[in-house]
Amino acid sequence: MGREEDSECDRNLGFLVCDISRLVRRMFNSRARNTGLTQPQWQAMFTISHNPGINQISLADLLEIHPITLTQQLDRMQAAGWVERRPDPNDRRATCLFITPRGRPVLEKLRAIGTDVLDIGFGDVNPKMREKMVEALIVVRNRFVSAETVKRSSGKPEAKRRIAK
């Protein structure tokens, strides 16, 4: 690939967002292997931690996976003592999910790994510029979430998507 082609891809925002996401995920996965969690499990842990009491259907929707796949992951996470299922007080068929006291140190270790990975990527970026980038990405994310919410208009409150710090 010639330098002109690289330059065009390097300046394409969509390509950059996807490529940075891939690189962050790859480095994070490499460093998180010793926690005993798979990538789908740590994604579930982060999402549950930001949405305590979320039900399995809503979590599967946020993670964009089939509910049966999530159920299998949660079975393993519950067996390890990282998450707890409690009956949903509003729907006896559903369960609400919570991080357990045993899961919190694992989650904190994952957060520390995430911070280290982002510090590597943003090492040469001025902190003020980094904050402006975060603010701009929040605006973009919120616009996409709003567009999705309008499209769905299911009447159900949307669970919060958050990026772990």
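Which residue in β3 does N55 stand opposite? N55 stands opposite C96, and I shall begin with the sheet to which this position belongs.

First, a note on the basis of this talk. This is a predicted model, in which local features need pLDDT of at least 70 and side-chain atom pairs count only at pLDDT 80 or more, while totals for chains, interfaces and linings use all residues. Residues are numbered from 1 along each chain as its sequence is written, and side-chain values use heavy atoms, with hydrogens and water left out. Helices (H or I, at least four residues) and strands (E, at least two) are DSSP runs, numbered from the N terminus.

Let us turn to the sheet. Three strands form an open sheet in the order β1-β3-β2, and their pairing is antiparallel; two strands pair if DSSP finds at least two bridges between them. At the edges stand β1 (54-55) and β2 (83-88), each of which pairs on one side only. Strand β3 (residues 91-99) is joined to β1 by two bridges. Here I54 has L97 as its bridge partner in β3. R85 has L97 as its bridge partner in β3, and E84 has F98. β2 and β3 form a hairpin, with two residues between them. As background, strands of a sheet pair through backbone hydrogen bonds, either parallel or antiparallel.

Axes are lines fitted to C-alpha atoms, for helices over the stretch in contact, and angles run from 0 to 180 degrees between N-to-C directions. Ala, Val, Leu, Ile, Met, Phe, Trp, Tyr, Cys and Pro count as nonpolar, Asp, Glu, Lys and Arg as charged, and the others, Gly among them, as polar.

Helix α3 also packs against helix α6 (residues 103-121), at an angle of about 105° and with the axes 11 Å apart. α3 and α6 are therefore roughly perpendicular to each other. From α3 the contact takes W42, M45, F46, S49 and H50, and from α6 it takes G103, V106, L107, L110 and R111. These residues divide into six nonpolar, three polar and one charged.

Finally, the aromatic rings. Rings of Phe, Tyr and Trp (its six-membered ring) pair if their centres lie within 6.5 Å; planes under 30 degrees apart count as stacked, over 60 as edge-to-face and the rest as tilted. By this rule there are three aromatic pairs. In one of them, F28 and W42 have ring centres 4.3 Å apart and planes at 50°, so the pair is tilted. Because F28 lies in helix α2 (residues 13-32) and W42 in helix α3, the pair ties together parts that are 14 residues apart in sequence.

Key. Parallel < 35°, antiparallel > 145°, perpendicular 65-115°, else oblique. Contact = heavy atoms within 4.5 Å.
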